[in-house]
Structures are given as structure tokens and as C-alpha cells.
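Here's a protein chain to explore together. Have a look at it first, and then we'll go through some questions about its pocket, its helices and a few of its residues.

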Amino acid sequence: MRTIVDLEGKEWRYDDCLSCAINSGKVKPFGGIIYETANFVVTQDFSRPIIGFLVISAKRHVVTYDNLTEEERADLAELAYKTQTVLKNLKICDYFNIYVAEYKEGHFHLQILPRYKYMEDEHGTIIGNLNRGFKYAKDNLSLPENLIKINEALQKISQEMKRL
């Protein structure tokens, strides 16, 4: 049994796979499922209070990109485009870092991380500063007023994604 703490400090217990627990409704990410297709769900990152930090997770228990079907790859590409477009249209962020995440005990997922000034180094990049940026977000943005802003943004994102 594993445990994860959400943005509000609530502990969730699940068996081996967080994505399976989310897909089955046993674990609820902050803001719920923002959008879904036949193959993927879009949620707020589970433990980092960053507005617009969205995760696109495979519904099927598949770990690596190369094991996605052709249909899933096409769906993922369209969903990544749609997600990034919505975040830009809502003026949440203009630039992003998009990461593929493959973990042997989880589902394949794509992380769409908006780039904020506090994440950047002196060269304007965030690659070497991810952990520092994530720590800053946890230490400084886990405030109730920021969670309200995140939730409001998630509702707008969800509405806009359904509209497109």
C-alpha cells in the first residue's frame, strides 16, 4: 500500500499504481479530472501547487511511450496541443516545458509545466532548476488563497477544453 499527499494535505492510500487509483475513482486529484478522452485523463499535478501544471496520463496501464498504440499516440499529440493552446488562450502562461514520464510502477504520462520566473536560472532556463522550482512552489504556494486560484484556473481550463 502506498500513500500520497495532495495539494490540500489529504493523504490518499492506493495499491501499486496512482494512475489506476485515479482512473478507478479511489484517489481524487485536486480539481478532479479536468478533461478526458478515450485514452487519457488530464489532471492538475498531484502534489505541486503550480497553476496550470497539468499531467496527461494514459488510462491504460502502459508504462512507455513506445508501447502506446498508434491511436493513443495520435490522441496524445492532439491532447498536448489542445492543453497547451487552452493554457495560452486563458493567459495562464506563454511558455512551457513538456516532459515525458515513464515509471516502471505507473502509467505513461506527459507533464505540461508552465514556465514561471521563479523557476528560471540566470540564463532563463529551468532544466537545472526543476527541483528548486518545485520546492519553492511547495514551500510558498501551498497557501489556501493559491489553492483557490489553482481551482479557479482548473475550472476555466476544463470548460475551455470541452469547448475546443
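Q: How many nonpolar, polar and charged residues are in the lining of the largest pocket?
A: Keep in mind that this is a predicted model. The largest pocket holds about 530 Å³ of space, and 24 residues line it. Sorted by type, the lining has nine nonpolar, 10 polar and five charged residues.

Q: Which residues lie nearest the centre of the largest pocket?
A: Rolling a probe the size of a water molecule over the atoms shows where empty space is left. Here the largest pocket has a volume of about 530 Å³. Of its 24 lining residues, those nearest the centre are Ile4, Leu18, Ser19, Tyr103 and His109.

Q: Which element gives the largest share of the lining of the largest pocket?
A: Several elements give two or more residues to this lining: strands S1 (2–5), S4 (40–44), S5 (54–58) and S7 (109–114), along with helix H1 (18–24). The largest share is four residues, and the element behind it is H1.

Q: What covers the buried residues of H4?
A: An α-helix has 3.6 residues a turn, so residues three or four places apart point the same way. In H4, the buried residues include Leu147, Ile150, Leu154, Ile157 and Met161. What covers the buried residues of H4 includes strand S3 (35–36), S4, S5 and helix H2 (70–89).

Q: Which elements do the buried residues of H2 pack against?
A: Start with who is buried in H2: Leu76, Leu79, Ala80, Thr83, Val86 and Leu87 are among them, and so are Glu72, Asp75 and Lys82. These buried residues of H2 pack against S3, S4, S5, S6, S7 and H4.

Q: Is the aromatic pair of Phe53 and Phe134 stacked or edge-to-face?
A: There are two aromatic pairs in the structure. In the one formed by Phe53 and Phe134, the ring centres are 5.7 Å apart, with 15 degrees between the planes. Planes under 30 degrees apart count as stacked, so the pair of Phe53 and Phe134 is stacked.

Q: How many residues apart are Phe53 and Phe134?
A: Both Phe53 and Phe134 are buried. Phe53 belongs to the loop between S4 and S5, while Phe134 is in helix H3 (residues 130–140). Their pair links distant parts of the chain, 81 residues apart.

Q: Why is the pair of Tyr65 and Phe108 called tilted, and what is the angle between their planes?
A: The ring centres of Tyr65 and Phe108 are 5.8 Å apart. Planes under 30 degrees apart would count as stacked and over 60 as edge-to-face. The pair is tilted because its planes are at 50 degrees.

Q: Which strand holds Gln111?
A: Gln111 is buried, because its relative accessibility is 14%. Beyond its neighbours within four places in sequence, Gln111 is in contact with residues including Phe53, Val55 and Tyr99. The strand that holds Gln111 is S7.

Q: What distance separates the C-alpha atoms of Gly9 and Ser142?
A: Gly9 is in the loop between S1 and strand S2 (11–14). It counts as partly exposed, because its relative accessibility is 48%. Gly9 and Ser142 are 133 residues apart along the chain, and their C-alpha atoms are separated by 9.2 Å.

Definitions and conventions:
Residues numbered from 1 in each chain as written. Predicted model: local features only at pLDDT ≥ 70, side-chain atom pairs only at ≥ 80, totals over all residues. Heavy atoms only, no water. 1 Å grid on protein atoms, 1.4 Å probe; cavity = no way out; pocket = protein on both sides within 12 Å on 5 of 7 lines; lining within 4 Å. Points joined across faces, edges and corners; volume = space filled by probe spheres on them. Nonpolar A, V, L, I, M, F, W, Y, C, P; charged D, E, K, R; others polar. Buried < 20%, exposed > 50% of the residue type's maximum accessible area, 1.4 Å probe, protein only. Contact = heavy atoms within 4.5 Å. Phe/Tyr/Trp six-rings, centres within 6.5 Å; stacked < 30°, edge-to-face > 60°.
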